[in-house]
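Here is a short briefing to read alongside your view of the model.

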4 protein chains.
Amino acid sequence: MARPTVDQVRRRELIQATMTAIHRAGLADPTVAAICKYAGLASVSIVNHYFKSKQDLLECTMRELAGDFLGEVALRAGSTHTPMDRVFAVIDANFAPSQCTPEAVSSWLWFWSRTPSCSVFADIEHATHHHIITELKRGLTELLPAKEVGDAAESLMALMYGMWLRFALNPQILDVEAARRITRHNFLLRLQAAAAKSMPAA
Amino acid sequence: MARPTVDQVRRRELIQATMTAIHRAGLADPTVAAICKYAGLASVSIVNHYFKSKQDLLECTMRELAGDFLGEVALRAGSTHTPMDRVFAVIDANFAPSQCTPEAVSSWLWFWSRTPSCSVFADIEHATHHHIITELKRGLTELLPAKEVGDAAESLMALMYGMWLRFALNPQILDVEAARRITRHNFLLRLQAAAAKSMPAA
Amino acid sequence: MARPTVDQVRRRELIQATMTAIHRAGLADPTVAAICKYAGLASVSIVNHYFKSKQDLLECTMRELAGDFLGEVALRAGSTHTPMDRVFAVIDANFAPSQCTPEAVSSWLWFWSRTPSCSVFADIEHATHHHIITELKRGLTELLPAKEVGDAAESLMALMYGMWLRFALNPQILDVEAARRITRHNFLLRLQAAAAKSMPAA
Amino acid sequence: MARPTVDQVRRRELIQATMTAIHRAGLADPTVAAICKYAGLASVSIVNHYFKSKQDLLECTMRELAGDFLGEVALRAGSTHTPMDRVFAVIDANFAPSQCTPEAVSSWLWFWSRTPSCSVFADIEHATHHHIITELKRGLTELLPAKEVGDAAESLMALMYGMWLRFALNPQILDVEAARRITRHNFLLRLQAAAAKSMPAA
DNA sequence: GATGAATGAGGGTTCATTCAT
DNA sequence: TATGAATGAACCCTCATTCAT
């Protein structure tokens, strides 16, 4: 098994530091100096040995973040057998520890907020969102009437985004477990309602 | 009735331009130059005639935004008679036109993202949130079991925040009307579920 | 007797306010806004009705200050009969109340400090200094050997300048009366020494 | 012996350039651009690599200037044996070449003029003045009646300040050597007068 | 590979001045 | 006469990037 090179380790550290810097900056653009500080590097110049530029570092960070997220989804979706488990897999991936640290949440928000003004970010976001919504709909299709699938997927995604936002704003009010519970509960409510409607005579 | 002075008009224009600038900057800190450009002002210095500083302008902008929001709530909540209408009033206020322009949504997100690093923003946010959550719970208390009120309020708020976020990221996918419909629907689902649970014997 | 016009009164107020502004600014260049504030004027634009420009106001202020000083000298020197009184007249003029307010002292220092970089100031300073040193030497010539007159005049002037500087730095340590006393005393010492030397046999 | 690093050399150059800039600006606040120009630096930004800010540079400059002055005093006072030599040591230190360049004199004046509005400067000034006046009085105490020591010290300091001021205003009129001679002479006059008074019966 | 010196662009703010009312 | 809107220049500072060591 290939051992990570020093280069790769340093790159990883800088990417983590970038997320920390974004979080600490309150979603303002992080400065290279701040990133280096959090990475424990003495000089800012060193960044240019590992990344082409600041923009490159930021893009790599977002790719890493998105990749991790898709990895969490794949991990959980791969071993599911029922449609409901498939939906739960997506929900759980959204609230996986790697995606719910304050640094990760802030980075996601920062990332999203920059998509309108940065096409590279927009592409990454688009691809990620497409993948996840497809996965979600795949499960929902077997559980809900066709015309409700779109709304339900949007609603679920919006709820999860909202939970993230609440979490980012004030981690005290809402912990990850509660967020996941509320989301699952919300999903089940819709399912019951659909079931009740489809079997009114029962 | 007092006619707005030139002063007040120009201040209003700058506040609007600030929201536009925040939106266009992708939630990055807007530059004074950009704000002036959107306000149609030739010179950057003029801002300091109307506001003490850039920070002052930003604070005034956020106060205006929050004030408008509370106004929308008050407007709708004032004429309600049933608890359900009260909840709907809050939901509708959240999706009122003045709160759902891309500029307003971006400004809210930017505003929230800066609260951890700006105590003035944090205070405004806290006061606004307190007011709105109180209003929401006042309606929910008469509709749901006491122990569900907190979760329901959080869930509703999170869903609305998420809708806003989706809307901010891509206004094409989700229009305001759909967002409101989904939110109302989600609320009604929870209501029905609670009703079903409380009358199992019926 | 001609009554001062409103124009002249306003000009006088602005000149006084300029001295105050210089003093309060710690000898930094006073801003027009500060000058207007001390003059009790609401708008800064009004200055340009009474003076051609800020520079014009500053020059007029310095001319006024220098003119007042020469007036104090003339007032005292005019009624003297002995050489010693003539010297005392110059000393007393230097420590006249109008020249020893903190505002006046600061203005003098500011004025002097600007002479190397402003030829107008340099001219005013040169003329004033020439007048006063001439007056001083006229008295000293009858009291001291010719070859001591220059040194004595310089020494006296330097001592007074130094007193002013001390006074400007810390009015608590040194009051005007003490400054005048020390100066007079210093002058008398030199006189006695010269007398002793010229009459060694006595 | 430690060789000065590039860092220290550059800092020294900037400090010297600061004094030059103050002198050339006529005691107005020097601009960073001017300082860099006199230091031979192409870019303004570089200053922030060596000093925290412009204010920091100014404070360091004044600390250096005051430190040099105390060094000159210590150098001369250390090897004195008589009280009179002690007084002369202070006088000579005041007129030491390092303290009498036009740049140094202008910097001192600028420095003093800013003490009322800058507490850091005030502290440096206070400490320096306290040290020098103590040294001066130590010598005077053995030469003059106790009640004359205060006046004499003030008088000497004022004379030296005045000489400096004259020198700063016009180096042509007064050279350093003449200034020192006048000051020493003035001191000796007072000494003789005191001696004459204390021995009237002789 | 790593460091720090150096540069230049851009941002916010102050300020004197001009202009319209 | 008096006011305040408006402009543009100048200043200090931050920051990403490049270069030499």
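**Chain A at a glance**

Of the 202 residues in chain A, 40% count as buried. Please keep in mind while you browse that this is a predicted model.

**Fold of chain A**

- Chain A is built from 10 helices and zero strands.
- Along the principal axes, the C-alpha atoms of chain A fill a box of roughly 70 × 40 × 30 Å.
- Among the contacts in chain A with a separation of 6 or more, 61% are between residues 24 or more positions apart.

- Most residues other than glycine have a negative phi.
- Leu27(A) has a positive phi, near 70°, and is not a glycine.
- You will find Leu27(A) in the loop between helix H1 (6-24) and H2 of chain A.
- Is Leu27(A) buried or exposed? Leu27(A) counts as buried because it has 26 C-beta neighbours inside 10 Å, and the cut-off for buried is 20 or more.
- In chain C, Leu27(C) has a positive phi of about 70°, although this residue is not a glycine.
- Leu27(C) sits in the loop that lies between helix H1 (6-24) and helix H2 (32-39) of chain C.
- Leu27(C) has 26 C-beta neighbours inside 10 Å, so it counts as buried.

**Around DNA strand F**

- By class, the surface near DNA strand F has 16 polar, 13 nonpolar and four charged residues.
- Several helices each supply at least two residues of this surface: helix H2 (32-39) and helix H4 (54-77) of chain A, helix H1 (6-24) of chain B, and helix H2 (32-39) and helix H4 (54-77) of chain D.
- H1(B) gives the most to the surface near DNA strand F, namely three residues.

**Chain pairs without contacts**

- Chain B and chain C are joined by no contact, and their closest C-alpha atoms lie 13 Å apart.
- Chain B and chain D do not touch either, with their nearest C-alpha atoms 21 Å apart.

Terms used
Residues numbered from 1 in each chain as written. Chains lettered and ligands numbered in written order. Predicted model: local features only at pLDDT ≥ 70, side-chain atom pairs only at ≥ 80, totals over all residues. Helix = DSSP H or I, 4+ residues; strand = E, 2+ residues; numbered from the N terminus. Nonpolar A, V, L, I, M, F, W, Y, C, P; charged D, E, K, R; others polar. Contact = placed C-beta atoms within 7 Å. Buried ≥ 20, exposed ≤ 12 C-beta atoms within 10 Å, placed from the backbone.
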